[in-house]
Amino acid sequence: MTDVAPARDHTEVLPRSVRHDFPILRQTFNGYPLTYLDNAATTQKPQAVLDAITDYYATANSNVGRGYYQLSMRSTDRYEQARAVVQRAVNAEHPDEIVFTAGTTAAVNLLADTFGRKHVGCGDEVVVTGMEHNSNTLPWRRLAEQSGARLVVVPVSENGSVDIDTFTSVLGPRVRLVAVSHVSNVLGTVNPVREMIAEAHRRDVRVVVDGAQAIAHRTVDVRDLDADFYCFSGHKVYGPLGVGVLYGKREILAELPPYQVGGGTVKGVTFTAPVSYVPTPARLEAGTPHMAGAVGLAAALRYLDGLGRDAVSAHQEMLVRQAVDALNTLDGVRVVGDPASAPNGIVSFVVDGIHPYDVGGHLDQHGIAVRSGVHCASTFLDSMDLVGTVRMSFAVYNTSDEIELVRRALETLRPGPWTKDRPTTRFL
Ligand SMILES: Cc1ncc(COP(=O)(O)O)c(C=O)c1O
């Protein structure tokens with residue numbers, strides 16, 4: 001073990017009392033307090049979100065936009081207020097640019113089946129990067145297979161980032177759409193999406209941004225990015241499971257065909273006459289939406305505002321830098337990519353000769369929850385020739401002490417059953 005003094009000041013920005021807002025963190029595992037470092041998979045929920053959901057069910061629950069009685073109007077109001085909160089959070093111009101979905105995956109599938117089917121045809125190209133999550137690859141791959149289009153993959157450079165010139169070089173005349181993650185869920189790399197969007201727009205190409213890993217860590221301003229579409233999941237930003245957001249520019253959403261059809265999407269129906277659909281966003285939200293989810297998501301975004309977006313970003317930057325410093329003191333541990341250069345809450349690492357599942361299992365013995373494996377992005381892991389990584393991902397409630405716990409636990413790491421018996425096995 002090399003003894004390297006911490007190079008930077010790691011003063012915490014958020015008060016430690018933030019932890020008390022999250023009831024789940026009071027648990028212990030194997031006698032250790034829960035150290036939850038799998039926030040890129042899903043974040044924990046503050047009491048304010050749990051209360052908002054309970055309050056919705058206790059005081060407003062009824063179907064939305066479908067009843068001419070006070071309770072229904074109340075639930076409709078709460079749902080539309082939640083839409084306005086999301087609108088402000090991402091600086092969209094109009095509330096009707098916010099479509100509630102079940103999550104990022106649902107939002108990307110919606111786009112592939114509507115915008116994609118309308119604009120991508122045989123011989124056309126859809127561009128993704130080599131670092132995408134399966135949820136931002138498979139819907140486009142399926143679209144390409146069904147339409148006869150080609151999926152073009154922008155290679156990721158050695159340090160785990162997408163070079164803007166490499167990206168621009170693939171933007172040929174047949175490209176109809178670019179789908180790119182704002183932040184990599186594997187390495188935390190921040191893509192230059194603003195520049196990528198500008199280059200795509202110069203060629204009249206629309207851009208879908210997968211913001212699943214950005215929304216909890218940085219201020220997202222869809223107008224500043226000039227994103228055509230921006231997708232994220234509520235559960236990754238302290239909100240409930242099962243709700244997410246598709247932002248789309250008003251004029252582009254307006255020309256999308258309906259996605260799923262059913263209740264809430266139509267003005268009036270006969271069995272034979274052409275169907276007349278309501279405008280977006282309701283046209284794209286067929287069936288009873290997740291009203292309590294939307295209300296909970298709004299509460300989560302308000303909670304983050306209360307902490308201060310800048311403080312939240314600074315806190316997570318500090319934790320990333322501290323984690324990198326801590327891991328760099330350990331022999332045989334290698335940080336993948338360069339998370340400290342533009343910290344975004346994620347640090348992935350590998351340990352020489354030890355399978356990532358054994359690392360995860362060992363940390364779990366110390367009450368530490370991390371994700372080990374391919375992070376739903378095996379194509380990216382393949383390109384780096386890795387069986388998997390161990391990923392620490394941070395949230396507002398994590399502390400410097402927890403990083404020190406990880407460092408100390410890693411000092412006693414030994415090869416376990418995966419390393420010995422199934423060294424090349426990997427799942428998710
Ligand atoms: C970058 C990225 N995109 C998409 C998703 C899919 O999100 P969800 O499962 O909430 O739909 C994830 C989830 O990990 C992700 O990290």
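Leaving aside neighbours within four places in sequence, which residues is Val207 in contact with? In this predicted model, the list reads Val178, Val180, Met196, Ile197, Ala200, Ala227 and Asp228. Val207 itself is part of strand β8, which covers residues 206-210. Is Val207 buried or exposed? A residue needs 20 or more other C-beta atoms within 10 Å to count as buried, and Val207 counts as buried because it has 22 such neighbours. Glu251, which sits 44 residues away from Val207 along the chain, has its C-alpha atom 14 Å from that of Val207.

Stepping back to the whole chain, the model has 14 helices and 17 strands. The radius of gyration is 22 Å, close to the 22 Å that the globule rule gives for 428 residues, so the chain is as compact as a globular protein of that length. Along the principal axes, the C-alpha trace spans about 75 × 55 × 40 Å. Buried residues make up 49% of the 428 in the chain. As for who touches whom, take the contacts with a separation of 6 or more: 72% of them are between residues 24 or more positions apart.

At the β6 end, β5 (residues 125-129) runs parallel to β6, and five bridges join the two.

A second open sheet has four strands, in the order β13-β14-β17-β16, and its pairing is antiparallel. Here β13 (333-335) and β16 (371-373) stand at the edges with a single partner strand each, so one side of each has no neighbour in the sheet. Ignoring direction, neighbouring strands of this sheet are turned by 30° against each other on average.

How covered is β14 in this sheet? Six of its six residues are buried. With β17 (residues 389-393), β14 (residues 346-351) pairs in the antiparallel sense over four bridges. Ser348 stands opposite Arg391 in β17, and Val347 stands opposite Met392 in that strand. With β13, the pairing of β14 is antiparallel over three bridges, and Val333 has Val351 of β14 as its bridge partner.

Val335 also has its place in β13. With 19 other C-beta atoms within 10 Å, Val335 is partly exposed. Not counting residues up to four places away in sequence, Val335 touches Val324, Leu327, Asn328, Val347 and Phe349. Val335 and Val351 are 16 residues apart along the chain, and their C-alpha atoms are separated by 8.9 Å.

A few spots in the backbone deserve a look too. Most residues other than glycine have a negative phi, and most peptide bonds are trans. The bond from Thr280 to Pro281, however, is cis, with omega near 5°. Pro281 lies in the loop between β12 (276-277) and α9 (291-307). Tyr238 is not a glycine, yet its phi is positive, near 75°. This residue is found in the loop between β9 (229-233) and β10 (244-248), and Tyr238 counts as buried because 29 other C-beta atoms lie within 10 Å. Cys376 has a positive phi as well, near 55°. Its loop connects β16 and α12 (378-383), and Cys376 is buried, with 20 C-beta neighbours inside 10 Å.

Finally, there is the ligand. How many residues surround it? The count is 13, and the closest are Gly103, Thr105, Asn185, Ala212 and Ser233. Sorted by class, this shell has two nonpolar, 10 polar and one charged residues.

Key:
Residues are numbered from 1 along each chain as its sequence is written. This is a predicted model: local features need pLDDT of at least 70, side-chain atom pairs count only at pLDDT 80 or more; totals for chains, interfaces and linings use all residues. A residue is near a molecule or strand if its C-beta atom, placed from the backbone, lies within 6 Å of it. Ala, Val, Leu, Ile, Met, Phe, Trp, Tyr, Cys and Pro count as nonpolar, Asp, Glu, Lys and Arg as charged, and the others, Gly among them, as polar. The radius of gyration is taken over C-alpha atoms; the globule rule is 2.2 Å times the number of residues to the power 0.38. A residue is buried if 20 or more other C-beta atoms lie within 10 Å of its own, exposed if 12 or fewer, and partly exposed in between; C-beta atoms are placed from the backbone. Two residues are in contact if their C-beta atoms, placed from the backbone, lie within 7 Å. Two strands pair if DSSP finds at least two bridges between them. Axes are lines fitted to C-alpha atoms, for helices over the stretch in contact, and angles run from 0 to 180 degrees between N-to-C directions.
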